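Have a look at the sequence and the fold, then read on.

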Amino acid sequence: IIAVDLMQSKLEYARQFGATHTIDASGGDPIEEIKELTDGLGADYAFEAIGTAATYEQAIRAVRKKGKAVWIGAPPRQPLTLDAGLVFWGEKTVMGSNYGSARPSYDMPRLLALYRSGKLKLDELIIRTYRLEEVNEAFAAQALAGIGIAVGGILQQVGIERTSAGNAGFITGLLSWFLSGLLSGLLSGFLSGFSPFFLAGL
């Protein structure tokens with residue numbers, strides 16, 4: 001599992017969550033290093049989680065012949081110009097994954113079971129929690145820290161407050177909604193918004 005990012009702190013998180021190799025892309029295009037790690041072939045799968053034209057194309061270039069590039073990051077507003085030969089000659093597959101292509105009634109109970117058994121790390125993703133009245137500070141922190149971290153804290157705190165008021169079903173619904181956005185992306189491409197893309201299959 002190869003994790004690619006521009007920040008060392010995120011690459012360290014990637015190692016904690018299972019990456020076997022990491023690439024700091026701040027110095028340039030990571031594709032050559034990916035090819036070196038995969039005997040010149042490329043990865044079996046690439047998961048792009050930023051949503052820029054550059055990383056969309058990198059995900060395609062990162063996979064081997066007949067490999068699959070999965071776009072998790074929301075697409076950029078401007079039209080994407082792409083060399084069709086990247087897909088055609090390599091017989092590659094490109095697909096989008098909206099919220100991890102989750103099936104909530106099936107996936108959410110399974111994810112919760114994995115979390116309760118200690119096999120799915122969630123607590124480690126929460127760096128701070130916020131009270132509802134601190135929502136502006138939380139979103140300001142989100143802009144600095146990255147997608148998902150501050151929002152996750154807000155949702156966790158709101159769920160606790162509503163549950164203590166007697167609405168026991170609220171936290172279950174809220175958690176399902178939150179998991180469908182964060183955790184399904186985690187399973188399909190590790191942490192959505194966490195790194196440009198994760199590549200599986202050395």
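Which residue forms a salt bridge with R61, and how far apart are the closest N and O atoms? The partner is D29, and the closest N and O atoms are 2.8 Å apart. Here a salt bridge is a side-chain nitrogen of Lys or Arg within 4 Å of a carboxyl oxygen of Asp or Glu.

Before the details, a word on the ground rules. This is a predicted model, in which local features need pLDDT of at least 70 and side-chain atom pairs count only at pLDDT 80 or more, while totals for chains, interfaces and linings use all residues. Residues are numbered from 1 along each chain as its sequence is written, and side-chain values use heavy atoms, with hydrogens and water left out.

**Overall architecture**

- The protein has 8 helices and 6 strands, taken as DSSP runs numbered from the N terminus (helices: H or I, at least four residues; strands: E, at least two).
- Starting at the N terminus, the order of elements is β-α-β-α-β-α-β-α-β-α-α-α-α-β.
- Among contacts with a separation of 6 or more, 59% are between residues 24 or more positions apart; a contact means heavy atoms within 4.5 Å.

**Surface and burial**

- Of the 202 residues, 40% are buried (buried is under 20% relative accessible area, exposed over 50%, partly exposed in between; 1.4 Å probe, protein chains only).
- The protein exposes about 11,200 Å², with carbon and sulfur atoms supplying 57% of that area. Accessible areas come from the Shrake-Rupley method with a 1.4 Å probe, and for residues only the protein chains shown count as cover.

**Salt bridges**

- The structure holds 6 salt bridges, including the R61 and D29 pair.
- R61 sits in helix α3 (residues 53-62) and D29 in the loop between β2 (21-24) and α2 (31-37), so this pair ties together parts 32 residues apart in sequence.
- Both partners are partly exposed: R61 has a relative accessible area of 24%, and D29 has one of 43%.
- R64 and D44 also meet through their side chains in a salt bridge, at 3.1 Å from N to O. This pair links distant parts of the chain, with R64 in strand β4 (residues 63-71) and D44 in strand β3 (residues 43-48), 20 residues apart.
- R64 is buried at 18% relative accessible area, whereas D44 is partly exposed at 29%.
- A salt bridge also joins the side chains of R131 and E133, at 2.9 Å from N to O. R131 counts as partly exposed at 41% relative accessibility, and E133 counts as exposed at 57%.
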